[in-house]
Amino acid sequence: MAFRIGTSNSKCKKVGGNQKICVLIVDDDRATRRIHSALLNKFGVETQVAENGKEAVDLYRSGASFDLVIMDMEMPVMDGPTATQELRRMGVNSMIVGVTSRGQDSEKQAFMRAGLDDCHVKPLNSNTIASLLQQVNKNH
Amino acid sequence: MDRNHLRHQVASMRKSLFDQGYLDDQFVQLEDLQDDSNPNFVEEVVTLFYNNSAKLIRNIEQALANNPLDFDMLDDYMHQFKGSCSSIGAKKVKNECTQFREYCTAENGEGCITTFQQVKHEHATLRRKLDTYFQLAKQGHASG
(Lines give C-alpha, C1' and ligand atoms only; values in the text may rest on other atoms or scores of the structure.)
Protein backbone atom coordinates (compact mmCIF):
# COMPACT_ATOMS: atom_id res chain seq x y z
CA MET A 1 0.00 0.00 0.00
CA ALA A 2 1.48 3.40 -0.93
CA PHE A 3 0.23 6.68 0.49
CA ARG A 4 -0.09 9.72 -1.73
CA ILE A 5 -1.28 13.22 -1.00
CA GLY A 6 -2.97 15.61 -3.42
CA THR A 7 -1.46 18.92 -2.37
CA SER A 8 1.09 19.67 0.24
CA ASN A 9 3.55 22.24 1.42
CA SER A 10 6.01 19.40 1.94
CA LYS A 11 9.36 19.79 0.27
CA CYS A 12 9.69 16.09 -0.44
CA LYS A 13 10.67 15.27 -3.98
CA LYS A 14 7.88 14.41 -6.39
CA VAL A 15 7.73 10.93 -7.82
CA GLY A 16 5.78 10.31 -11.02
CA GLY A 17 3.72 13.47 -10.65
CA ASN A 18 2.48 12.48 -7.18
CA GLN A 19 4.03 13.76 -4.01
CA LYS A 20 4.98 11.11 -1.48
CA ILE A 21 4.32 11.62 2.19
CA CYS A 22 7.53 12.61 3.95
CA VAL A 23 8.14 11.64 7.56
CA LEU A 24 10.82 12.83 9.97
CA ILE A 25 11.91 10.21 12.52
CA VAL A 26 13.49 11.80 15.59
CA ASP A 27 15.13 9.27 17.90
CA ASP A 28 18.52 8.84 19.53
CA ASP A 29 18.34 5.04 19.23
CA ARG A 30 19.66 3.75 15.91
CA ALA A 31 17.71 0.49 16.08
CA THR A 32 14.44 2.37 16.59
CA ARG A 33 15.23 4.77 13.71
CA ARG A 34 15.97 1.77 11.50
CA ILE A 35 12.76 -0.01 12.47
CA HIS A 36 10.52 3.02 12.03
CA SER A 37 12.17 3.87 8.69
CA ALA A 38 11.62 0.33 7.41
CA LEU A 39 8.00 0.30 8.59
CA LEU A 40 7.27 3.61 6.87
CA ASN A 41 9.15 2.68 3.69
CA LYS A 42 6.89 -0.39 3.42
CA PHE A 43 3.99 2.05 3.03
CA GLY A 44 5.80 3.87 0.23
CA VAL A 45 6.59 6.84 2.45
CA GLU A 46 9.84 8.81 2.32
CA THR A 47 11.74 9.19 5.55
CA GLN A 48 14.45 11.34 7.02
CA VAL A 49 16.04 10.87 10.43
CA ALA A 50 17.30 13.11 13.19
CA GLU A 51 19.20 11.90 16.26
CA ASN A 52 17.75 14.40 18.69
CA GLY A 53 15.27 17.23 19.04
CA LYS A 54 17.78 19.93 18.13
CA GLU A 55 18.51 18.28 14.78
CA ALA A 56 14.76 18.19 14.10
CA VAL A 57 14.35 21.88 14.97
CA ASP A 58 17.41 22.78 12.87
CA LEU A 59 15.94 20.92 9.89
CA TYR A 60 12.78 22.99 10.06
CA ARG A 61 14.82 26.18 10.55
CA SER A 62 16.78 25.34 7.39
CA GLY A 63 13.52 25.23 5.45
CA ALA A 64 12.70 21.53 5.45
CA SER A 65 9.15 20.46 6.16
CA PHE A 66 7.51 17.13 6.75
CA ASP A 67 3.99 15.75 6.72
CA LEU A 68 4.57 13.80 9.92
CA VAL A 69 7.17 13.93 12.68
CA ILE A 70 7.67 10.89 14.90
CA MET A 71 9.28 12.32 18.01
CA ASP A 72 10.95 10.26 20.71
CA MET A 73 10.42 11.54 24.23
CA GLU A 74 13.85 11.09 25.81
CA MET A 75 16.86 12.20 23.82
CA PRO A 76 20.15 13.90 24.64
CA VAL A 77 20.89 17.51 23.57
CA MET A 78 17.17 18.35 23.20
CA ASP A 79 14.38 16.04 24.31
CA GLY A 80 11.04 15.42 22.62
CA PRO A 81 8.86 17.74 24.70
CA THR A 82 11.30 20.65 24.30
CA ALA A 83 11.66 20.10 20.56
CA THR A 84 7.89 19.82 20.14
CA GLN A 85 7.29 23.05 22.05
CA GLU A 86 9.93 24.80 19.95
CA LEU A 87 8.48 23.56 16.67
CA ARG A 88 4.99 24.73 17.66
CA ARG A 89 6.41 28.07 18.76
CA MET A 90 8.01 28.38 15.31
CA GLY A 91 4.55 27.89 13.78
CA VAL A 92 5.11 24.32 12.57
CA ASN A 93 1.73 22.69 12.08
CA SER A 94 2.96 19.30 10.83
CA MET A 95 1.42 16.33 12.57
CA ILE A 96 3.76 15.49 15.47
CA VAL A 97 3.37 12.10 17.12
CA GLY A 98 5.29 11.30 20.26
CA VAL A 99 6.76 7.89 20.99
CA THR A 100 7.99 6.73 24.36
CA SER A 101 8.83 3.55 26.18
CA ARG A 102 7.32 5.11 29.28
CA GLY A 103 3.91 3.52 29.55
CA GLN A 104 2.43 5.64 32.33
CA ASP A 105 -0.45 7.87 31.28
CA SER A 106 0.86 10.80 33.33
CA GLU A 107 4.13 10.81 31.40
CA LYS A 108 2.38 10.54 28.04
CA GLN A 109 -0.01 13.34 29.01
CA ALA A 110 2.91 15.59 29.93
CA PHE A 111 4.43 14.91 26.51
CA MET A 112 1.05 15.59 24.84
CA ARG A 113 0.86 19.00 26.55
CA ALA A 114 4.06 20.00 24.74
CA GLY A 115 1.99 20.14 21.53
CA LEU A 116 1.72 16.61 20.18
CA ASP A 117 -1.16 15.39 18.06
CA ASP A 118 -0.85 11.88 19.48
CA CYS A 119 1.44 9.70 21.58
CA HIS A 120 2.24 5.99 21.41
CA VAL A 121 4.43 3.43 23.12
CA LYS A 122 7.44 2.51 21.00
CA PRO A 123 8.32 0.75 18.84
CA LEU A 124 5.37 1.50 16.57
CA ASN A 125 3.77 -1.34 14.65
CA SER A 126 2.37 -1.43 11.12
CA ASN A 127 -1.26 -0.99 12.27
CA THR A 128 -0.40 2.21 14.15
CA ILE A 129 1.65 3.50 11.23
CA ALA A 130 -1.23 2.83 8.82
CA SER A 131 -3.61 4.71 11.10
CA LEU A 132 -1.23 7.68 11.40
CA LEU A 133 -0.72 7.87 7.65
CA GLN A 134 -4.48 7.83 7.08
CA GLN A 135 -4.70 10.75 9.47
CA VAL A 136 -1.99 12.60 7.51
CA ASN A 137 -3.94 12.00 4.31
CA LYS A 138 -7.14 13.33 5.89
CA ASN A 139 -5.37 16.49 7.04
CA HIS A 140 -4.43 17.40 3.48
CA MET B 1 24.12 -30.88 5.88
CA ASP B 2 21.05 -31.92 3.89
CA ARG B 3 18.96 -28.85 2.82
CA ASN B 4 15.66 -30.02 4.29
CA HIS B 5 17.31 -31.03 7.53
CA LEU B 6 18.96 -27.61 7.74
CA ARG B 7 15.68 -25.78 7.15
CA HIS B 8 14.02 -27.92 9.77
CA GLN B 9 16.79 -27.09 12.20
CA VAL B 10 16.41 -23.35 11.53
CA ALA B 11 12.64 -23.51 12.04
CA SER B 12 13.04 -25.56 15.18
CA MET B 13 15.59 -23.19 16.63
CA ARG B 14 13.39 -20.20 15.85
CA LYS B 15 10.43 -21.87 17.55
CA SER B 16 12.46 -22.65 20.64
CA LEU B 17 13.52 -19.00 20.99
CA PHE B 18 9.83 -18.10 21.34
CA ASP B 19 8.75 -21.16 23.33
CA GLN B 20 11.52 -20.67 25.88
CA GLY B 21 10.57 -17.02 26.31
CA TYR B 22 13.69 -15.43 24.84
CA LEU B 23 11.75 -13.51 22.20
CA ASP B 24 8.32 -11.96 21.89
CA ASP B 25 6.11 -10.73 19.06
CA GLN B 26 8.30 -7.70 18.31
CA PHE B 27 10.85 -10.08 16.74
CA VAL B 28 8.11 -11.28 14.37
CA GLN B 29 7.46 -7.63 13.45
CA LEU B 30 11.15 -7.34 12.50
CA GLU B 31 10.96 -10.52 10.43
CA ASP B 32 7.94 -9.08 8.58
CA LEU B 33 10.09 -6.09 7.56
CA GLN B 34 12.78 -8.33 6.04
CA ASP B 35 12.47 -8.75 2.29
CA ASP B 36 14.56 -8.74 -0.89
CA SER B 37 15.32 -5.03 -0.50
CA ASN B 38 16.29 -5.59 3.18
CA PRO B 39 17.57 -9.19 3.19
CA ASN B 40 19.51 -8.89 6.47
CA PHE B 41 17.18 -6.49 8.23
CA VAL B 42 16.65 -8.55 11.38
CA GLU B 43 20.34 -9.20 11.90
CA GLU B 44 21.11 -5.51 11.24
CA VAL B 45 18.66 -4.35 13.89
CA VAL B 46 19.88 -6.95 16.38
CA THR B 47 23.46 -5.77 15.77
CA LEU B 48 22.40 -2.16 16.40
CA PHE B 49 20.72 -3.30 19.60
CA TYR B 50 23.85 -5.07 20.87
CA ASN B 51 26.05 -2.08 20.01
CA ASN B 52 23.76 0.24 21.96
CA SER B 53 23.19 -2.12 24.87
CA ALA B 54 26.95 -2.60 25.37
CA LYS B 55 27.22 1.13 26.10
CA LEU B 56 24.25 1.04 28.45
CA ILE B 57 25.69 -1.93 30.33
CA ARG B 58 28.97 -0.03 30.81
CA ASN B 59 27.03 2.98 32.13
CA ILE B 60 25.13 0.82 34.61
CA GLU B 61 28.29 -0.95 35.76
CA GLN B 62 29.93 2.42 36.43
CA ALA B 63 26.84 3.65 38.25
CA LEU B 64 26.75 0.50 40.41
CA ALA B 65 30.34 1.22 41.48
CA ASN B 66 29.28 4.54 43.03
CA ASN B 67 28.83 4.90 46.76
CA PRO B 68 26.16 5.75 47.67
CA LEU B 69 24.13 4.41 44.76
CA ASP B 70 22.11 6.91 42.76
CA PHE B 71 18.91 4.91 42.27
CA ASP B 72 17.33 7.54 40.04
CA MET B 73 20.29 7.37 37.67
CA LEU B 74 20.31 3.57 37.75
CA ASP B 75 16.59 3.49 37.05
CA ASP B 76 17.00 5.90 34.17
CA TYR B 77 19.78 3.83 32.57
CA MET B 78 17.78 0.65 33.00
CA HIS B 79 14.70 2.31 31.54
CA GLN B 80 16.74 3.11 28.42
CA PHE B 81 18.09 -0.44 28.33
CA LYS B 82 14.63 -1.93 28.69
CA GLY B 83 13.33 0.31 25.93
CA SER B 84 16.14 -0.88 23.71
CA CYS B 85 15.26 -4.52 24.49
CA SER B 86 11.69 -3.81 23.38
CA SER B 87 12.93 -2.88 19.90
CA ILE B 88 14.00 -6.47 19.17
CA GLY B 89 11.57 -8.35 21.41
CA ALA B 90 14.21 -9.48 23.92
CA LYS B 91 11.61 -10.77 26.38
CA LYS B 92 13.73 -12.44 29.10
CA VAL B 93 16.20 -9.56 29.17
CA LYS B 94 13.29 -7.12 29.46
CA ASN B 95 11.84 -9.08 32.39
CA GLU B 96 15.15 -8.87 34.26
CA CYS B 97 15.25 -5.12 33.52
CA THR B 98 11.80 -4.77 35.10
CA GLN B 99 13.01 -6.63 38.19
CA PHE B 100 16.05 -4.34 38.42
CA ARG B 101 13.86 -1.24 38.24
CA GLU B 102 11.70 -2.60 41.06
CA TYR B 103 14.84 -2.85 43.20
CA CYS B 104 15.71 0.74 42.24
CA THR B 105 12.28 1.90 43.37
CA ALA B 106 12.79 0.04 46.65
CA GLU B 107 16.33 1.50 46.87
CA ASN B 108 17.65 -2.03 47.36
CA GLY B 109 21.28 -1.90 46.28
CA GLU B 110 22.00 -5.60 46.75
CA GLY B 111 18.92 -6.49 44.75
CA CYS B 112 20.11 -4.20 41.96
CA ILE B 113 23.58 -5.73 41.92
CA THR B 114 22.28 -9.31 41.90
CA THR B 115 19.63 -8.65 39.28
CA PHE B 116 22.11 -6.84 37.06
CA GLN B 117 24.14 -10.05 36.86
CA GLN B 118 20.96 -11.75 35.62
CA VAL B 119 20.39 -8.98 33.09
CA LYS B 120 23.90 -9.48 31.71
CA HIS B 121 23.50 -13.26 31.71
CA GLU B 122 20.26 -13.19 29.76
CA HIS B 123 21.66 -10.52 27.42
CA ALA B 124 24.72 -12.69 26.63
CA THR B 125 22.66 -15.88 26.33
CA LEU B 126 20.31 -14.29 23.84
CA ARG B 127 23.24 -12.97 21.83
CA ARG B 128 24.77 -16.46 21.57
CA LYS B 129 21.47 -17.99 20.54
CA LEU B 130 20.74 -15.32 17.94
CA ASP B 131 24.27 -15.55 16.51
CA THR B 132 23.81 -19.31 16.06
CA TYR B 133 20.33 -18.81 14.63
CA PHE B 134 21.48 -16.21 12.07
CA GLN B 135 24.43 -18.39 11.01
CA LEU B 136 22.14 -21.39 10.51
CA ALA B 137 19.58 -19.26 8.65
CA LYS B 138 22.31 -17.99 6.29
CA GLN B 139 23.44 -21.55 5.62
CA GLY B 140 19.82 -22.43 4.89
CA HIS B 141 19.55 -19.59 2.35
CA ALA B 142 22.87 -20.44 0.74
CA SER B 143 21.79 -24.05 0.20
CA GLY B 144 18.89 -22.78 -1.93
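**Note on the two-chain model**

1. The UniProt record, an unreviewed entry, places "domain: Response regulatory" at residues 22-137 of chain A. UniProt positions follow the numbering used here, feature names are shortened, and annotations may be inferred rather than shown by experiment. The span is 46% helix and 22% strand, and its end C-alpha atoms lie 11 Å apart. Helices (H or I, at least four residues) and strands (E, at least two) are DSSP runs, numbered from the N terminus.

2. Basis of the values. This is a predicted model: local features need pLDDT of at least 70, side-chain atom pairs count only at pLDDT 80 or more, and totals for chains, interfaces and linings use all residues. Residues are numbered from 1 along each chain as its sequence is written, chains are lettered from A and ligands numbered from 1 in the order in which they are written, and side-chain values use heavy atoms, with hydrogens and water left out.

3. UniProt lists "domain: HPt" (unreviewed entry) at residues 38-133 of chain B. That stretch is 85% helix and 0% strand, with end C-alpha atoms 18 Å apart. Chain B has 6 helices and 0 strands. The C-alpha trace of chain B spans about 60 × 30 × 20 Å along its principal axes. Of its 144 residues, 44% count as buried. Buried means under 20% relative accessible area, exposed over 50%, partly exposed in between (1.4 Å probe, protein chains only). Among contacts (heavy atoms within 4.5 Å) in chain B between residues at least 6 apart in sequence, 67% join residues at least 24 apart.

4. The largest pocket. It holds about 580 Å³ of space. The closest to its centre of the 25 lining residues are A:Asp28, A:Asp29, B:Asn52, B:Leu56 and B:Gln80. The elements giving two or more residues to the lining are α1 (30-42) of chain A, with α3 (41-64) and α4 (71-88) of chain B. By class, the lining has 5 nonpolar, 9 polar and 11 charged residues. Ala, Val, Leu, Ile, Met, Phe, Trp, Tyr, Cys and Pro count as nonpolar, Asp, Glu, Lys and Arg as charged, and the others, Gly among them, as polar.

5. Pocket criteria. On a 1 Å grid over the protein atoms alone, a pocket is an open set of points where a 1.4 Å probe fits, with protein on both sides within 12 Å along at least five of seven lines; lining residues have an atom within 4 Å of a point. Grid points are joined across faces, edges and corners, and the volume is the space filled by probe spheres set on the points.

6. Salt bridges in chain A. The whole structure has 15 salt bridges over all chains; each is a side-chain nitrogen of Lys or Arg within 4 Å of a carboxyl oxygen of Asp or Glu. A:Glu51 pairs with A:Arg33, closest N and O atoms 3.9 Å apart. A:Glu51 is in the loop between β5 (46-50) and α2 (53-61), A:Arg33 in helix α1, 18 residues apart. A:Arg33 counts as buried because its relative accessibility is 9%. A:Glu51, at 42%, is partly exposed. A:Asp117 and A:Arg88 meet at 2.8 Å, N to O. A:Asp27, A:Asp72 and A:Lys122 are linked in a network of salt bridges.

7. A salt bridge in chain B. B:Lys94 pairs with B:Asp24 at 3.3 Å between the closest N and O atoms. B:Lys94 lies in helix α5 (residues 91-105) and B:Asp24 in the loop between α1 (3-19) and α2 (25-33), so the pair ties together parts 70 residues apart in sequence. Both B:Lys94 and B:Asp24 are buried.
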